[in-house]
Structure formats: structure tokens, C-alpha cells
Amino acid sequence: MLEVKLHDIGEGMTEGDILHYFVKHGERVERDQPLIEVQTDKMTAELPSPGAGVVKEILIEPGTTVSVGTTLLVIETDEGGAVPIKESTPKTRPASARVLATPFTRKLARENRIDIEQLKGTGPAGRVTDEDVLGLAAKQEQPEPVKEAPAAEEKPAAVPVTKGQKKTIPFKGRRKQIAKRMVHSLKTIPHVTHFEEVDMTELMTFRNELKEAGRSISAAAFFIKAAAMALKDFPVFNAKLDEEREVIVLESEYNIGLAVDSPDGLIVPVLHQVETKSILEIHKEMKELNEKARENRLSRSELTGGTFTISNVGPLGSIGATPVINHPETGLMAFHATKEKPVVRNGEIVIGLMMNVSMSFDHRVADGAAAVAFTNRFKELIEHPKLLIVELV
Amino acid sequence: MEMRVKTNKLTMVQAVTDGLRTMLQKKEEVVLLGEDIGSNGGVFRATEGLMEEFGEERVMDTPLSEAGLMGTAIGMAINGMIPVAEIQFLGFIYPAYEQIATHATRIRMRTMGKYTVPMVIRAPYGAGIRAPEIHSDSAEALFTHMPGMKVVCPSTPYDAKGLLIASIEDPDPVLFLEPLRLYRAGKEEVPEGEYRVEIGKAARRREGSDVTLIAWGAMAAQASKAAEKLEQTGVSCEVIDLRTLYPLDKETIAESVQKTGRAVIVQEAHATGGLANDVMGVINDTSFLYLRAPITRVSGFDVPVPFFSLEEHYLPDTERIIQAVEKVIHY
């Protein structure tokens, strides 16, 4: 018999949701054949079969959250006896055994919301050390955008609601991850939001001209390019504050994160090296990323490495917001709905196509004046798209 | 305004004499009694000259009967006097134990607070001066187990006088332990006249961040020596001198251990049933979650204090303390 257990599939996960079984009871499986789909806080992964045989028992219902080390299914192997588990599968401890750790280390783990029993100690006699805990805590703090695969085929059935009964939604997976990151960002970064109004008339005209020429390019592609150009002039917003080293790290690439609303919640794919791409390329890539995000097909590299984030909420309709910065970045700019508004131009009231932008920034790293200057530069490039084109390399 | 206090450089035993003299002068109710404390000045000369100064009615020689001496002191105390009884060595107190355990410590409770027993029992104690059997006993735990009596134990001349005055003024019986080894171990500036060291307050002898050394009496000095040596190897020890063994200063113990995360308790008494175990209890109750290593004890062994040729092996020395510290640091 071979017990297939949930093992740490990376990044020190402590638990996961069982989404789906690719096999059924009594079915024959080959070594390395995918058996189970598991969702962690950050990703969805398939657990391959550690051996060949017949599925004898499926122990955990899909939709259940289980901790690392839990036996999920049992395979009757061809060899009959126990099959050595692949090296990548950590040995699980008997249920009664506890990891070795001092009370202080245990306290540290609790404070960092780490299940110490799932840690592998590096201290004497395998004791979990403070460093083991802090190392994992630091990893968990890493601002890696969420990646998720399609939701389980079998979604948890809606609980029949009788009168007076409250309905609950499971607070886990991406929702929980978003919550964690929002709290962390707001707790650590002193947010300040600066607002500006951008006249979109010329850009819209330009887009229409392009459209007539057979090139339909979204406004967001222009925003991304303009943002990257403005960031070049104000590199402090394309930076990360390294508190430990007491330095502000100015990034060399302009990797723009795009806040995307997906069925499972907010996700931020990253458009890498915007400075090397044309507006057309940006448009194409952005479309792809949006699609992948909605279908949960984003790769790890497409979810990491962002240096500045934009949130294009305009299509949903909005006039202003106080966006939360994608920690540890320094700034985030949100674009709101473009509306026809009366504006004064050359002493006359005319109809302008106006859009509000909200620029949140880390006030530890930059001040209001810099944020205004940065936004003005962005505004200039959008209000005069020819300038944007002229300044392109 | 600057206050100038006149001080004298005194040994611990001289500080004790000074404290007794101060209180004999201050309060007529204070009387001293004990074996050979009068014309002979006591076995360690702690009462030297006091009989001449204050007369036989206030500094009394008693027969060689510890039980009788203690009973007399208790009788005097409940009748308005403040007796300071000297037991020549703590190891000689056993015949008086019954008087202390069943009377001195219980009268206040027995009379629902109508009578208190304001007396002090002075008792030199501890090993390290090559005394014969029983003379070196470190039996403080027999008394800290007994509610109704305070137990204090200075480790410096300054504390000896200040704690003695506070003990004489205390309404309850106080066992005043004087570490033999420190009687003449060094001199310190001791203020003239009255001052008090509060009973129930430990002293932080040294600030440190890696480990807390908790000790009292002669071991407090030993712990400080070990801390000095450890400092040279980069280990920062905080040294807490308990000074009062009952009631314990739980706050200071907890505060220090919570800061350092490690504790080594040094006691000269036998390991089993010693006060170190109570200190461990305090740490467990207050600071468990802060511990980075098991609380460790360095103590005498579970044998009677041996004769002088083996005495040094029995007593915790700096080397044993250093080993214990290294053990908890590298746990």
C-alpha cells in the first residue's frame, strides 16, 4: 500500500485545499500520473503519483482544507509492499510526535502565524530554530502576486438557507491572500493619495484615427507607456524601500503590474520591461495577460517582478479612489472613468473628455511634490499623445 | 540640593555591627540575645563592644540552648520588645526550628493579627570558610517554605546594614542570613546612621542581554565573577541578587528572564528542595514563552556539606557557572 500525502509543494506551505481528483476509486494509475489538484494560498498544483498501482481509497473529500502531511489517498501498488516515496516528498512525522522547539521559538511561530509542527528544524537534533521560523515568515511576507488555477470542478455546494440563517463564504485561497497582503501594505506603508484630472480629448481623437487605420489600441496601453516614461523621469516611484539595508532601491526595469479583476478576486499580472516595448506590443501583451488572468493561466514569471502598478478601473465606472499600494512598490496609479465634462479652454466653456487619476504613494520614500510632478508628467504625455510618440525611442 | 552622606568603609560583619548599633540607639525596645554575644562579642565579633555600650540588659548572653533562646525571643517580641537573636551558625538552628515553625511564624495568624512577632534571627550561614560539620549548612529553603516569616540574605556590606535595619523595623519575624564567606571578603562604603534596603526587592548587579544569572548570598558574588569572565568571551550576563529569599521579587526575575530568554540559578544549597527550584517555578509561571533554553541550576550536591578538603568541590565555582551559561547559550 502506498499512502499519498499532501506534501509541501513549495514555499513552506502548511495547508492546501483539495480541488479535484483526476482518478477514481479502483482506477489504475502509473507512476508520475497526476492524481490530485491542490490549491494553496498562491498556486494550484498537481500531485503526481509516487508509484504505479490501483487507487484503493480516496480519503479526503474535494473542497476540504488539509494540512501538510495528511494522507489523501491510498494506492495498492504493483509491488504489493511499500514503495519508497519520492525524495521530494518530505517524511511526515507520526501524529503523536511534536517538533522540537523552545517555548520562545514556538511563541515566535505563533506570532508569525506559522504552524511550527510543519517546519523542518535545522538546529541540534532537528530542533526548529528562531531562524527557521523567521526564514519562513520572511518568505511568506514576500510580495508575490497570487496565482491560481481554475476553480474546482465541484464548487462547495451552496448551503440551503432557511429563514433567519446566515450564509457564509469560505475565507480562504485568493481572498485570504488578498486580505493578508492588503493588511500588510496598509500596515507598513504610510499611504498618501494624490488626485489629478487628465484631459483625454486628444488621446481619444488619436485612438479614433488609429482605429480608422485598422489599429485598435486600448487607452490603457497608452497609460502604461506614459507611466513608464514618467517613471523614468521620477525613478523614485519605480523603487522599493529596503528598510533593513536602509536604502531605496531604484529598479532598472519598468515592469508594470496590471490590477485585474478576475472571478476569484484581484490579481496583478506584470508586463515586463515596458520601456523596450511599443504601445502596440504593450496593447497585445496586456490583452493576453488579462485573458490569462481571467482564466487562471498565468505563469509564475508573469506574476512576479513588478515595479509599479496601475489599476484601470475606468471601464467599470469610477471618479476617484484611494488605491492600496502593491507592497513593496512605492506607487500605484488608478485610472477612472473618462467622461464628457464642461471645461474652460481659452476663456470658453467647452466639452472636454476628462479622466481622473488617483496616485497613491509611499510617503516614506517620496513626498507630495514629487508625486504631483510625476502625475503632471504623466498628464502631459497623455494630454499630448504626439509628445508621447515623439519622446519614444 | 546635594545631600552629603557620611560613609565608612566597612566589611559586611562591621556593617552588621553598625546596623545593630544604629537600631539599639534608635529604639529602646531593641535587644540582642545569643550565645557569647555579650562580653565575647559573638563568634564572628558581630556584636563586639555593644554590651559595653548598651549594657547587659540590652545585649544578653544566653545559655547554650537554641530552643530556649528562640522561645525567649518570641516571648519578648509578643510583649513589646524587638529582640535580635543570634544563632551562631545556621546549622545550629535545628533545635530552635520547632519554636520558629510552630510559634514565631504562626502567632500573627493564630491571633487573627492581634499579635505580631517583630523579631530578627541573625544566622551566619554557608560554606567556604572551612568550618566543621553542620557549621556550613545552607538551609535557607527550610525557612522559605514557611509562610509567616521573611527571609533575607545580603551579599554586600551596604545591603547588610540596610536590610538589617529594615528587618528590625519589620513587624514580622525575619530570618537574617549572613554569608560567612562574605563577612570579611571586602569593604564597601556604608552610610552612617539609618537607611533601609527594602525587603522583597532584588538587586540587578549587572546588566546583560544573553542570560540571567540569579543568585544570593555568597553565590551572588560568584555569579558576578563568572559574568565578568563571560563578558570577555562575548556573553552578556545579567546578574540578579535576590537579597530577599521570601517573599521572592517575582517581577525583577520575570523582567530579566523575559529580556534575556535564558536563566541560570546559582545556589550553594543542595539541589533537591532548594530555593532555586522556586525561582524556576517563578520563571515558569511568568516567563515560559520567552525561554530559549531550559532553566538551569548550578548548586551544591545532594550530600551534607563535606569537610574542608572537599568543600571547594561541593561549592559552585565560576567554572561550573560558566559551563552552565555556555550550555544554555548554545542550547
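Predicted model: local features only at pLDDT ≥ 70, side-chain atom pairs only at ≥ 80, totals over all residues.
**Figure 1. Where chain B meets chain A.** Here we're looking at the place where the two chains touch: 7 residues of chain B are in contact with 7 residues of chain A. For chain A and chain B that comes to about 740 Å², with 60% of it on carbon and sulfur atoms. On the chain B side, Leu289(B), Arg292(B) and Tyr331(B) lose the most area to chain A, and together they make up 68% of what that side buries. As for scores, the model gets ipTM 0.72 and pTM 0.55, while chain B has a mean pLDDT of 96, with 99% of its residues at 70 or more.

Figure 2. Side chains of opposite charge can pair when their charged atoms come close. Which two residues meet in a salt bridge here? They are Arg292(B) and Asp130(A), whose side chains come to 2.8 Å, N to O. The count between chain B and chain A is 1 salt bridge, and there are also 4 residue pairs in polar contact between these chains. Sort the chain B residues that touch chain A by class and you get 6 nonpolar, no polar and 1 charged.

Figure 3. Over all chains, a search of the whole structure turns up 37 salt bridges. One of them joins the side chains of Arg108(B) and Asp172(B), again at 2.8 Å from N to O. Arg108(B) sits in helix H5 (residues 107-110) of chain B, and Asp172(B) is in the loop between helix H7 (157-169) and strand S7 (174-179), so this pair ties together parts that are 64 residues apart in sequence.

**Figure 4. A four-strand sheet in chain A.** Strands of a sheet pair through backbone hydrogen bonds, either parallel or antiparallel. In this open sheet, 4 strands of chain A line up in the order S1-S8-S6-S3, and the pairing is antiparallel. Strand S1 (2-5) and strand S3 (28-29) are at the edges with a single partner strand each, so one side of each has no neighbour in the sheet. Zoom in on S1(A) and strand S8 (residues 71-77) of chain A and you'll find 4 bridges between them. Leu2(A) is the residue opposite Ile75(A) in S8(A).

**Figure 5. A six-strand sheet with mixed pairing.** Chain A also has an open sheet of 6 strands, in the order S9-S18-S17-S16-S12-S15, and its pairing is mixed. Strand S9 (191-199) and strand S15 (270-271) are the edge strands, each pairing on one side only. Strand S12 (residues 256-258) of chain A runs parallel to S16(A), and 3 bridges join the two. Across from Leu258(A) you'll see Ile310(A) in S16(A).

Figure 6. Most residues other than glycine have a negative phi, and most peptide bonds are trans. In chain A, though, the peptide bond from His327(A) to Pro328(A) is cis, with omega near 5°. Pro328(A) belongs to the loop between strand S16 (308-312) and strand S17 (331-345). Over in chain B, a cis peptide bond links Tyr246(B) to Pro247(B), with omega about -5°. That proline, Pro247(B), is in the loop between strand S12 (244-246) and helix H9 (250-260) of chain B. Then there's Arg45(B), which has a positive phi, near 65°, without being a glycine. Look for Arg45(B) in the loop between strand S2 (30-34) and helix H2 (50-54) of chain B.

Key: Residues numbered from 1 in each chain as written. Chains lettered and ligands numbered in written order. Heavy atoms only, no water. Contact = heavy atoms within 4.5 Å. Buried area = accessible area lost by both parts, 1.4 Å probe. Salt bridge = Lys/Arg side-chain N within 4 Å of Asp/Glu carboxyl O. Polar contact = N/O pair within 3.5 Å; in protein donor to acceptor, adjacent residues only side chain to side chain. Nonpolar A, V, L, I, M, F, W, Y, C, P; charged D, E, K, R; others polar. pLDDT = per-residue confidence, 0-100. Pairing = 2+ DSSP bridges.
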